[in-house]
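Please read these notes with the model open beside them.

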Amino acid sequence: MTHSEIVALFWGVADLLRDDFRRSKYQDVILPLTVLRRIDCVLADTKKTVLARNAEYRDKLDDRDGLLRKASGYAFYNTSRYDFESLCADPPNLAKNLLNYITGFSANMREVVEKFEFEQTIRKLDDAGVLFLVMERFKNVELHPSKVDNHTMGTAFEELIRKFNEAMNENPGEHFTPRDVVHLMVDLMLLGDEEKIRKPGVSFTVYDPCCGTGGMLTITKNHISGSDSLEGIAKDAGVFLFGQEVNPETYAIAKSDLFIKDPTGKDADRIAFGSTLSLPGHRGNSFDYMIANPPYGKDWKKDQAEVEAEAAKGAAGRFAAGTPRKSDGQLLFLQHMLAHAKKPGDGGSRIAIIMNGSPLFTGDAGSGESDIRRWVLENDWLEALVALPEQLFYNTGIATYVWVLNTRKPEDRRGNLILVDATSFWTPMRKSLGDKRREIPTERAEEVLGMVRTFKDGDHGKVLPTTHFGFRKITVDRPLRLNFRASAERIERLDDETAFKNLAKSKKKGAAREEEIAADRKLQDQIRDLVASLDADQVWINRKMFVKALNSAAKASGVSLTANLRKAILNALSEQDDSADVCVDRTGAPEPDTSLRDTEDVPLDESVEAFFEREVVPHVPDAWIDEGKTDAKDGEVGIVGYEINFNREFYVYEPPRALEAINAELMELEGEIGRMLREVVG
């Protein structure tokens, strides 16, 4: 049975639920029953043995867990006398017996099933009179591993989740990374380690901090040690899986699937539940390989307190490089993974993480995103960056990128990384699945691997130094030049100046308030008269000379001006004038005109002074660099930033068409339009 057939059979259960359950609640029925039916089929062969052992030792052993695990052949078992067949044989007592069946599971599997909160759903199904019909539908589907292998079953689970979320207009790809993408990511993560993996007696740890239904973990294990459908690198290599998942339903699916795939149950035991960002389940551990598809554009406000507290720890925490904007936590997952990486002396780690374009370029120099990119690149962990085709995912058609990181880069790659433009490496799917209309064929995936393996420039690959993506953002100022004039138009601007407007406001109460407001309004009138006494036709191009004239007029009129009022007058009566004298401060230094302030990005491998003399001075000779804005890390002028602009690196200039060709085309179109009009008219 194919995964599509399984999905069609179980999705058809929705027909039974339509009158009594909202569409958003279909998954509360179908997902847990799919898991239970799979487990029921898995345990069927040893069911009688388990029941016999349990009865034999019930009065002899209080702790029969190990004995019953051995009897079932798995790390879990069920001591209830019921199975799907016998449950459906007694319709009147089905609800009660089904609850008995669930409580009969071993503690580890019961914890999995409880994540579905299925007991309440059973009562709803029973009250609606459809429990038997639904159970019978599941009972008639054979899901034993001999009939439906683990790969097919895993794909069926993920396809069901996609359909549920799509029906609810939610994120259908949050827990489901397409298999073609996962296989490429795994191959990139393992690339170059083939000989290491083939060494006799070796074992490796693999970790996914947002593992969903566990697909990335199991595919990695299959790529290393093989499976029924994949040869693998080394059959005898030990592979130990670790993961964490925050969604209870997908967590339950991942755990149950791993319990079935690994009879020891140890892989399943190493899947933690909860938010990786705020409640990490594997603190203190480090891993050989890490792989993840974190949620795109999902905020981390729920985890904010814990994340910021850990970021405050600096190098002692998981978020030493800082935090990105709260609307997107992708770079937090990247930092979390690097915090669990092994040091080079301990064998190092290789990481593959897929993210959208935001982590590449969002955030200016000095922002959280830029500082995290800087931390990654200056530590020389990024080995390759692969741009994938659009329309690969089930929930979005946006561009995605695989980051390949290595904490033990080979000597010949240090200080460099390769960009691979694989955006054209796709073939159309015969049938679209949601927004997924394309897939990466095996031969094109091999091309990507070949480029990363050889680490050389090519049509679709560029090897660049890590410093290529860094820059210093310098602030360029120009002098403030103002003229001053006491014209009627400029005097009216006084009413918009805060210090002048605030004169007519008072915090006092009663008569005192009225007296103060009256006095302030009188002062406003005196100030208007004061500035109006200046020559309205004269234009001062030197601020110092205008201030002298203003002070003389104030003294003559007996008006006392505070510093704020004097500033308000200067603001109202001034205009920018390139022909005016430069305004200077008390030390004689030119004041900057903030309206003319600009910034420049200076490549890290170039001198700031040389760049400024070449790119700025010829255009604005009176400009200067604000040397007060220095980088917090190195103390040099300019704030260091990093961004990776794929489009810029692979841009190919296409010259515009010749004017003659454009004119000829326009003439042809005009003629065609004319013929059409004549046909209409005539």
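Where is the place of Ser80?

1. Ser80 sits in the loop between helix H5 (65–72) and helix H6 (84–88). Helices here are DSSP runs of H or I with at least four residues, strands are E runs of at least two, and both are numbered from the N terminus. This is a predicted model, in which local features need pLDDT of at least 70 and side-chain atom pairs count only at pLDDT 80 or more, while totals for chains, interfaces and linings use all residues. Residues are numbered from 1 along each chain as its sequence is written, and side-chain values use heavy atoms, with hydrogens and water left out.

2. Ser80 has a relative accessible area of 4%, so this residue is buried (buried is under 20%, exposed over 50%, partly exposed in between, with a 1.4 Å probe and protein chains only). Its side chain reaches the backbone nitrogen of Tyr82 at 3.1 Å. Not counting residues up to four places away in sequence, Ser80 touches Lys47, Leu51, Asn100, Tyr101 and Gly104, where contact means heavy atoms within 4.5 Å.

3. Helix H3 (residues 26–43) packs against helix H9 (residues 118–128) at an angle of about 110°, with the axes 10 Å apart. That angle makes H3 roughly perpendicular to H9 (65 to 115 degrees is roughly perpendicular, under 35 roughly parallel, over 145 roughly antiparallel, and the rest oblique). Axes are lines fitted to C-alpha atoms, for helices over the stretch in contact, and angles run from 0 to 180 degrees between N-to-C directions.

4. On the H3 side, Asp28, Val29, Pro32, Leu33 and Leu36 meet Phe118, Thr121 and Leu125 in H9. The residues of this contact of H3 with H9 divide into six nonpolar, one polar and one charged.

5. The axes of helix H12 (residues 179–190) and helix H14 (residues 215–225) come within 10 Å and cross at roughly 55°. H12 is therefore oblique to H14. The contact includes Arg179, Val182 and His183 of H12, and Gly215, Met216 and Ile219 of H14. Its residues divide into eight nonpolar, four polar and two charged.

6. Val584 lies in the loop between strand S14 (574–576) and strand S15 (598–603). Leaving aside neighbours within four places in sequence, Val584 is in contact with Arg543, Ala589, Pro590 and Glu591. The C-alpha atoms of Val584 and Gly345, 239 residues apart along the chain, are separated by 58 Å.

Definitions and conventions:
Nonpolar A, V, L, I, M, F, W, Y, C, P; charged D, E, K, R; others polar. Polar contact = N/O pair within 3.5 Å; in protein donor to acceptor, adjacent residues only side chain to side chain.
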